[in-house]
Amino acid sequence: MDTLERRDTATLVSDAQAGDAQAWERLVEEFTPMLRSRIRRFRLGHEDAQDVLQTTWLLAWQNLKSVEDPQRMPGWLATIAFRECLKLTRRTREICTPDLDTLGSTDDVDRELARIWLAGTLEELVEELPAAQRVLFRALTETSEPHYVDVARRLGRPVGSIGPTRARCFARLRGLLQDREITRDFLD
């Protein structure tokens, strides 16, 4: 095993910041699967998902020197990808409709249209949350397994406040969904 394989994330980030191309390549190799997984959650087409992945790495490269805590590299990359996915879905929602002929059955078409509509509706509802809940919601949804300690530290809040604020946030979202008559029956 060569020394490049034994370097931890912090070392790889520091070396890449210093211009080590091999360290950068190793970071890309190490974190691309995680980024693909997160991007897949947005159910983008293959080309769009590849564009988001490429843009994520480009932005990461351009802003690599701004990474102060190299151990937070996975979360930082996930945040970039998340934001790029949101930008793309906002743009494409306004200018594109799915090719409904390729979806097959009427049920497939209905599900796809409901998914697209619901994604836009959720974004609108999150904007209606109080600022503290909105910030927390976004922090919790940036990664698949958010850790309250990390979220609390990043937001400058006590760890014990994360769970109760999360509960209030989700209760508020449920209420907003009910106000629009969006129930589990609609989602099934």
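**Entry 1: the whole chain**

I began with burial: of the 188 residues of the chain, 34% count as buried. Buried means under 20% relative accessible area, exposed means over 50%, and partly exposed lies in between (1.4 Å probe, protein chains only). I noted that this is a predicted model, where local features need pLDDT of at least 70, side-chain atom pairs count only at pLDDT 80 or more, and totals for chains, interfaces and linings use all residues. Residues are numbered from 1 along each chain as its sequence is written, and side-chain values use heavy atoms, with hydrogens and water left out.

Next I looked up the secondary structure, which comes to ten helices and zero strands. Helices (H or I, at least four residues) and strands (E, at least two) are DSSP runs, numbered from the N terminus. I then checked contacts, meaning heavy atoms within 4.5 Å. Among contacts in the chain with a separation of 6 or more, 58% come from residues 24 or more positions apart.

**Entry 2: α7 and α8**

I looked up helix α7 (residues 131-141) and helix α8 (residues 148-155). Their axes come within 10 Å and cross at roughly 135°. That makes α7 oblique to α8. Axes are lines fitted to C-alpha atoms, for helices over the stretch in contact, and angles run from 0 to 180 degrees between N-to-C directions.

Which residues meet here? V135, L136, A139 and L140 in α7 meet Y148, V151, R154 and L155 in α8. I sorted the residues of this contact by class: seven are nonpolar, none polar and one charged. Ala, Val, Leu, Ile, Met, Phe, Trp, Tyr, Cys and Pro count as nonpolar, Asp, Glu, Lys and Arg as charged, and the others, Gly among them, as polar.

**Entry 3: the buried side of α7**

I listed the buried residues of α7: Q133, L136, F137, A139 and L140. They cover an arc of only 165° around the axis, so they sit on the same side of α7. The arc is that of the directions from the helix axis to the C-beta atoms.

**Entry 4: α9 against both**

I turned to helix α9 (residues 159-179), whose axis comes within 8 Å of that of α8. The two cross at roughly 100°, which makes α8 roughly perpendicular to α9. Y148, V149, V151 and A152 of α8 touch V159, I162, G163 and R166 of α9. By class, I found six nonpolar, one polar and one charged residues in this contact.

How do α7 and α9 cross? Their axes come within 10 Å and cross at roughly 100°. That makes α7 roughly perpendicular to α9. Q133, L136, F137 and L140 make the contact from α7, and I162, T165, R166, R168, C169, F170, R172 and L173 from α9. These residues divide into seven nonpolar, two polar and three charged.

**Entry 5: two single residues**

I picked out T165, which lies in helix α9. Is T165 buried or exposed? T165 counts as buried, because its relative accessibility is 9%. I left aside its neighbours within four places in sequence and found T165 in contact with Q133, L136 and R157.

R40 came last, in helix α3 (residues 21-40). R40 is exposed, with a relative accessible area of 57%. R40 and C85 are 45 residues apart along the chain, and their C-alpha atoms are separated by 9.6 Å.

Technical notes: Parallel < 35°, antiparallel > 145°, perpendicular 65-115°, else oblique.
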